[in-house]
Amino acid sequence: MRRSIVALSIALAYEALAAQKPIQVLMTTGDWKDQPWYQNLWMRDKAGKPQIYRGRYIEQKVEAAAPGRFAFTHIPNYIAQQYLDADYLSQFDVLLIGDIMVHLSDQFQTAVRDFVKNGGGLVYCANHKWGIGMKVKGQPFEEALPTVWPEANEWGEFENWVDVENFMPDLVSRRHPIVKGLDWATAPPLGRAVNMPAKKGATVLLATPRVAVLPWQVIGPWPNPDGTGGWDVAYEPEKKVDLAASYKVEGQKEPLKWQRAKARGTGVLDLNKLLTPNDNACAYAVLYVRSPNARKVLCSGWADDGLKAWLNGKQLPGDPKKNGAWPGKAEAELTRGWNEVLVKVIEKTGWWGFKFELLTPDGKPMSDLACSYKPSAMRASEQEYVEPAPVLTAWDFGKGRAVFSASIFANDEQSEKFGQTWQDFGKYYAQLLEWVGANSTNKKATLKDAQAEVTATVDFTRPLNAIAPGIFSIHGNEDIKDVALQHYMALHPKGAISRGYPDATAIEGTPKGDKWEPESDNDDPNVTDWSRINKKGIDAYIAECKAYGTEPILCCHGIQYGSPKWMWKDGHGLSDATDRDAAEVAEMVAAFLEHANRGRKGSPTYELNVKYVDLGNEPELDHKSLPGWVRIVKAVGQRVHRDFPGVLVGSYAPYQMRYIRQLLDEAGGEIDWLSFHPYGWTASEFYRFTDEIQAYARSKGLKNLKLMITEWDFWIQGREKFDYMMTRWYASVPREDLLGTLHYRLWQYVEPIYMFGILWAGWGPKDVVGPKGTPIHDAYDAYWIWRDFRGRRVATAKALATADASPRLLDHLHLDASQSDGKLNALLYYDWAYGGTGYKDYAKGVAYPKVKVNVKLALPPSTAARKLTVSKATGEGFEVVAKDVAIPAGAKEHVQAIEAEPLTGYSVVIE
C-alpha cells in the first residue's frame with residue numbers, strides 16, 4: 001500500500017511539473033549510435049526494427065517517466081566541437097554531454113563553462129573513452145566539473161579507470177533530489193567507472209564499493225607445446241594443491257614454487273608480468289573463498305588463451321580440448337566455510353592472463369565472501385582493498401549546477417544493461433535533469449527569417465599556394481571495377497595517394513590466412529636477398545595506381561601487428577626492437593623499393609614509381625616503445641636516403657607532444673614526413689596541433705618536415721559527415737606542409753561498430769544501403785563537389801552587401817578557388833551553423849535560412865569564348881544546376897549569383 005502511495009505521489013508531482021514550461025535539454029551524446037541514420041542501418045533488433053541508443057534512448061525513457069516535462073534537442077559531438085558556442089547554449093537549460101571522443105576545442109570548453117556559470121545545468125557522462133577528450137589539466141571545461149581531473153603519470157598519461165568492475169554502486173547521499181526515492185535494489189551492476197575524485201564542496205551521491213583485492217597464489221610455467229599441447233597433461237597442481245611443494249620442470253633453471261599474486265578490483269591477473277617463458281606455456285592459480293553458508297553460485301571468467309577451472313576439486317563443465325575449456329559461465333555450489341578455486345591457464349603467444357569471479361545465480365557480485373591465499377583466515381592487517389571512488393557527483397558552480405557521472409549513461413558499452421533493464425532509469429534521468437536545470441535562465445529567442453546579400457570576390461589573376469592533389473585521396477582504393485570505377489574516376493583522382501601493404505601481402509613465406517608472412521632472408525642485413533618477393537603482386541599494385549593516376553605509398557603495416565615474426569619472436573614487441581631487427585626492416589623496405597623503382601641509386605633503369613614509405617599503422621608509441629621505433633625509423637631512413645633518391649620516408653606520429661619531440665630529437669634527420677590518423681578531430685584543432693609540431697621542428701633545424709593524414713574520418717553519418725568533410729578541406733588546401741589526406745575509406749566498411757565508406761559495398765538492410773559501387777552520398781558528394789579544385793589556389797575575399805546583416809554570417813560562408821591548366825574553379829559552402837538550418841543571430845533575433853551570394857570572378861585574359869558550369873552537392877545528392885553559360889572572349893569579369901542554402905556546396909567551373 002505504501003509503495004502505491006509513493007508511486008502516486010511521484011506521478012502527481014510529475015503532472016504538476018509538466019504544467020510548467022518544459023526544460024530545454026541539449027544532448028550531444030556521441031557521433032554514431034545516437035544518429036537515427038546509423039541506428040536504422042546497423043542497430044536493428046531481431047524483428048528488423050532500429051534500436052534506440054545513447055541520448056535518444058534517454059529521451060525515450062525520460063518522456064515515459066515525465067511526459068512533456070522536457071524538450072530535447074540532439075546534435076552529434078562533431079557539430080558541438082565545430083559550432084557550439086555561448087549564443088547557441090543560451091537557448092537551453094541543460095547540456096548533457098556523453099561519449100566525448102575528441103580533443104575538446106577551446107570554443108566548446110569556454111562556452112560550456114560560461115553556460116554553467118551563468119545558471120545553466122551540465123551533465124557530463126564519462127564513458128570508457130572519456131580521457132581522449134582532454135589531455136591537459138586546468139582547461140575551462142574542467143572548471144565546471146565537480147570532480148578533479150586526474151594527474152598525469154610520469155610519462156604524461158592518465159590512469160583513468162577505477163580499479164573495480166561489474167559493481168553495485170553504494171548510495172552515499174541518499175536524500176539528494178537526484179537519487180531520492182529510486183529503487184536501487186533492482187538496478188543491475190555497472191560495468192566500470194572512471195577515476196575522477198570529488199572536488200571540495202561537491203556532493204558524492206554514488207560511489208563504488210570497497211572491494212577486496214583477490215589474493216591468488218600462482219605457479220608455473222609448464223610446457224604447452226604448439227599452444228595446446230599442455231591441455232590434457234595433468235601437471236602436479238592439477239592432481240593436488242600443495243602450497244609448500246616445489247617442482248622441477250625441464251628447461252627451467254630453478255624449481256617452480258607457489259608465489260602470491262594479487263588481482264586488483266577488476267579481477268584480472270596479468271601472468272605475463274609474473275612468469276617466464278610466457279609463450280607456449282601453462283600455469284595454475286589457486287584462491288580460497290569462505291562463504292557464511294552453502295549456496296549456489298555462478299562461476300564467470302575468461303582467459304587469454306584458455307582456461308580450465310575446478311571448484312573444490314570438481315572440474316567445471318566444458319570441453320577441455322576446445323580453446324576456453326569451459327563455457328565462460330558455469331553453475332556450481334559453495335560449501336559453508338572455506339572453498340578451493342583452482343584454475344589452469346594456457347598461453348600460445350601474446351598477452352597472458354585471466355579473470356575468475358563468483359557471482360549470484362543472476363550474475364550480481366556478492367559482498368559477504370572472504371578471500372584468502374591460504375585455506376584459512378587472513379589477519380586483518382594482511383587484507384587489501386580498493387577504496388571507494390565517486391560514481392555520481394554534483395555541485396553548484398557559479399549560478400548553475402553540474403553533475404559528473406562516471407558510468408551511468410544510456411546503453412553504451414559500459415552501462416548497457418543498466419540502461420536497458422533498470423525500471424527506474426527514466427525516472428533517475430528525469431530527476432537528474434530537473435535538479436541540474438533548476439537555476440537556468442535560458443533566453444529562448446524568437447527568431448524571424450532575414451535576408452542577407454554577400455559579395456564573394458575571386459581573383460583568378462592572383463595565384464597563391466600550390467594545391468597538393470593528395471589532399472583528395474581515399475584509403476583502400478584497390479580493385480575497383482564497373483560502376484564503382486566510373487564513380488571513382490568521376491572524382492578526378494589523378495595525383496591522389498594510394499596506400500598499399502606490400503610488406504604484409506606481397507612477400508612469400510609462411511602462409512598466414514590469406515596473406516604471406518615475410519621472413520628474414522639471410523644473416524647479413526646489408527645484403528638484400530629477398531628471393532621470394534612476389535613480383536607479380538608488387539607489379540599489379542603499381543599498375544593499378546598508374547591506371548587510376550594515383551601515387552603509390554608503401555605502408556609497412558606489419559611493424560605493429562606481430563609481423564614480421566622474426567622481429568616479434570620470443571614474446572618481443574616494438575619496445576624490444578634491436579639494431580638487427582631495424583636493419584631487417586630496412587632491408588625489407590629496400591627490397592620492395594628496388595623492384596618497384598627498377599633498381600637503386602646509380603642504376604640506369606632507376607625510376608620513381610614509388611615515392612612514399614609509410615612506417616607503421618598506428619603503432620602504440622610511448623615511453624616504452626619509442627626507443628625501438630627510433631631504431632627502425634633511423635635504419636629505414638638511412639637505407640632509403642642512401643639508395644633510393646626521391647623517396648620520402650614517413651613515420652607514424654604519436655599524439656603527445658613529449659613523444660613527438662623525442663621522435664624528432666632522435667630520428668628527425670631521417671624523417672621526411674609524419675603520418676597521422678586524427679579520427680574525431682576537427683580540422684582547426686588538428687592543424688593547431690601540427691603547427692605546434694612544425695614550430696618545434698623548425699627550432700631543431702628541420703625546416704622541410706611534411707605532414708600526411710593517412711587515415712581520417714569521424715564517427716558520424718548523414719549530412720553531418722558531409723559538413724565535416726567540406727570544412728576539413730577548406731582548412732587543408734591552404735597548407736603548404738601537407739602532402740595529402742586519405743579519407744577512410746573507399747568501400748562501405750564496419751569496424752566493428754563504426755561505419756565508414758565512400759561507395760556502398762551492397763550489404764546491409766536492403767531498404768537502407770545502395771547498390772554496390774554507388775555513392776554513399778554523405779561522403780561521396782564532398783569529393784564530387786571538390787573534383788575540379790586542383791592546381792594553384794587564387795585570392796578570394798568576402799564582404800556583406802546588406803548593411804544590417806550579422807557580421808558573423810561570413811564565418812559560416814566558406815570560399816576558396818583554384819586554377820589548373822586553364823580550368824577555373826570557385827567553391828562556395830554554407831555550413832551547418834546551428835541546427836543545420838543556417839546561421840542564427842540570437843542577439844538580433846534573426847535567422848538566415850538562405851543567403852544571396854554574388855560571386856564576382858576576375859578572369860585571366862582569353863582570346864576565346866568560355867563556358868561556365870554550376871554544380872551543387874548536399875550530402876544527400878549532387879547535380880549540375882547550370883551548364884554552358886556563355887562568357888564572351890576577352891571578358892575580364894563575370895558575376896554569378898547563387899542562392900546559398902545551408903549544408904550545400906556550390907562549384908563554379910569555367911573552361
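Predicted model: local features only at pLDDT ≥ 70, side-chain atom pairs only at ≥ 80, totals over all residues.
User: Leaving aside its neighbours within four places in sequence, which residues is E384 in contact with?

Analyst: Happy to start there. Contact means heavy atoms within 4.5 Å. By that rule, E384 touches V211, A212, V213, K262 and R264. Residues are numbered from 1 along each chain as its sequence is written, and side-chain values use heavy atoms, with hydrogens and water left out.

User: Where is E384 found, and is E384 buried, partly exposed or exposed?

Analyst: Helices (H or I, at least four residues) and strands (E, at least two) are DSSP runs, numbered from the N terminus. E384 sits in the loop between β20 (370-372) and β21 (385-386). For accessibility, buried means under 20% relative accessible area, exposed over 50%, and partly exposed in between (1.4 Å probe, protein chains only). E384 has 34% relative accessibility, so it counts as partly exposed.

User: How many helices and strands are there in the chain, and what percentage of its residues count as buried?

Analyst: The chain has 20 helices and 47 strands. Of its 911 residues, 57% count as buried.

User: Why is helix α20 described as largely enclosed by the rest of the structure?

Analyst: Because 8 of the 9 residues of α20 (residues 777-785) are buried. Among them are Y780, Y783 and W784.

User: How do I read the crossing of helices α13 and α15?

Analyst: Axes are lines fitted to C-alpha atoms, for helices over the stretch in contact, and angles run from 0 to 180 degrees between N-to-C directions. The axes of α13 (residues 535-548) and α15 (residues 579-596) come within 10 Å and cross at roughly 65°. On the α13 side, the contact is made by K535, I538, D539, Y541 and I542, and on the α15 side by F592, H595 and A596. For residue classes, Ala, Val, Leu, Ile, Met, Phe, Trp, Tyr, Cys and Pro count as nonpolar, Asp, Glu, Lys and Arg as charged, and the others, Gly among them, as polar. This contact has 5 nonpolar, 1 polar and 2 charged residues.

User: Which residues have a positive phi without being glycine?

Analyst: Most residues other than glycine have a negative phi, and most peptide bonds are trans. Here, D226 has a phi near 60°, and H492 has one of about 55°. D226 lies in the loop between β8 and α8 (236-239) and is exposed, with a relative accessible area of 75%. H492 belongs to the loop between α11 (482-489) and β27 (497-500) and is partly exposed at 33%.

User: Where are cis peptide bonds found?

Analyst: One runs from G220 to P221, with omega near 5°, and P221 lies in strand β8 (residues 214-223). Another joins Y744 and R745, with omega about 0°. R745 is in the loop between β35 (738-744) and β36 (749-750).
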